[in-house]
Amino acid sequence: MLIKNAKLLDGRIVNIKIEGERITCIGNCIGDEIIDAENKLVIPPYFNMHFHLDSAFTSVRNNSGTLWEGIRIWQEIRGKLTEDEVYRNAITAVKLMVVYGTLWIRTHVDVTEKSLKLLRVIKKVKEDMKDIAEIQITAFPQDGIYTDKGNDEILRRAIEEGADNVGLIPHNEITREDGVKSIKFAFELAREYNKDVDGHIDETDDPNSRFLEVLAKETINNSWEGRVTAGHVTAMHSWDPAYRFRILPTVSRAGITVVPNPLINAVLQGRLEGYPKRRGNAPIKEMMKFNVNVALGHDCIMDPWYPLGTGNMLQVLFMAIHMDQLTEGEELLNSINLITFNSAKAWRVKNYGIKEGNEANLLITNADDVIDLLRFMEPPKFVIRKGKIIAKDGKYILFNGKWEEVKRKP
């Protein structure tokens, strides 16, 4: 395959030759099966570093709009969902993400649903979708590890049954002491089973929620640098500036990736106050000043926490840009890294990007440049994975060897 007239992020117009699953030439290449990119932007595919496939398309009205009511609703409905429902919903969500250009998806699966039904289903989704997307499963103790007797052993069993990462939610434990204990236990499991740690951390407006510091300390103590992700950290929005100034260098030294989820953070946080109203997004610009790796997650599609969602990571990035005012000069252009290269670093993907010898994963967009990509948030014209076109025009996907139109809902 030859992609001609491709505009790279550095502005060069080149041809890209793909042989098998690899990029073999960038420049004045020649070849057969030509796709003309027409001088449009060609970029590496996106990552969704934080999502919940098990709750996708289970939308139930959340009257208060709070995280806590969402959790209560989920506790009521999760046991009633059939495996077929969860599977169908999750498959639809993955297909939507792929046609919008996301090829790496990290999903949290609730393992305090004690039968581990949800884990079994999402493991099947991971297997069935492996030809079009790479999915990692985080064993997520939604209700907390120490809020109910036996949750810690269920988390262990979830890891033994094939979850990729160890999850945690220390701010949802009953006491701070249990929150600290839950972090230590997560690292015990991670070391025992050689897993990464991927937690919901400080997802609250409470400025006294400061579990990120414990996570950073335990990361360093356990020599787990570069293998830990902290999702949300919305409390950082409310932390005293002096405290942020003190703790962020330690977060950077620990190699922790912080993953804001700006679509969901924007609507869940600040619900209990008037105006001015906090938006609760972890301050991206400030974290980057301290060399903290920052990536983004979509989090939810039409579930008890979020009534909207399309699976388009450009919508997530668009919201992040507005909430953190990432509009000055190079920071706007570089914001694309939040859903590409920064995520690849957290995932530890080798040979990511459009370079000779790398795996041929790329998006042929309809945009002239990054600015237009962000302005219009259009799906890619072509999504290429391992040298094969697997999606096109934001509507069609190659699944099980056949082209089909992607549904917007199950």
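Q: Which residue in β17 does Ala 391 stand opposite?
A: In this predicted model, strand β16 (residues 388-392) and strand β17 (residues 396-399) run antiparallel, with two bridges joining them. The hairpin they make has three residues between the strands, and Asp 393 takes a positive phi near 60° there. As for Ala 391, the residue opposite in β17 is Ile 397.

Q: Which residue in the turn between β17 and β18 has a positive phi?
A: Moving along, β17 also runs antiparallel to strand β18 (residues 402-405), this time with four bridges. Tyr 396, for one, has Glu 405 as its bridge partner in β18. The two strands form a hairpin with two residues between them, and the turn residue with a positive phi, about 55°, is Asn 400.

Q: Why is one side of β3 and one side of β4 left without a neighbour in the sheet?
A: Look at the open sheet of four strands, with mixed pairing and the order β3-β2-β1-β4. β3 (22-27) and β4 (34-36) each have a single partner strand, so one side of each has no neighbour in the sheet. In short, the reason is where these two strands stand: at the edges.

Q: What is the bridge partner of Ile 3 in β4?
A: Strand β1 (residues 2-7) pairs with β4 in the parallel sense, over three bridges. Within β4, the partner of Ile 3 is Ile 35.

Q: How many charged residues does the contact of α2 with α3 have?
A: The crossing of these helices is right-handed. On the α2 side, the contact includes Val 86, Tyr 87, Ala 90, Ile 91 and Val 94, while α3 brings residues including Leu 118, Val 121, Ile 122 and Val 125. Glu 83 of α2 takes part too, along with Lys 117, Arg 120, Lys 124 and Asp 128 of α3. By class that's nine nonpolar, no polar and, for charged residues, five.

Q: What covers the buried residues of α1?
A: Helix α1 (residues 67-77) has Leu 67, Glu 69, Gly 70, Ile 71, Ile 73, Trp 74 and Ile 77 buried. The elements covering these buried residues include β7 (102-110), α3 and α8 (262-268).

Notes
Residues numbered from 1 in each chain as written. Predicted model: local features only at pLDDT ≥ 70, side-chain atom pairs only at ≥ 80, totals over all residues. Heavy atoms only, no water. Pairing = 2+ DSSP bridges. Left-handed = near helix turned anticlockwise from the far one by under 90°. Contact = heavy atoms within 4.5 Å. Nonpolar A, V, L, I, M, F, W, Y, C, P; charged D, E, K, R; others polar. Buried < 20%, exposed > 50% of the residue type's maximum accessible area, 1.4 Å probe, protein only.
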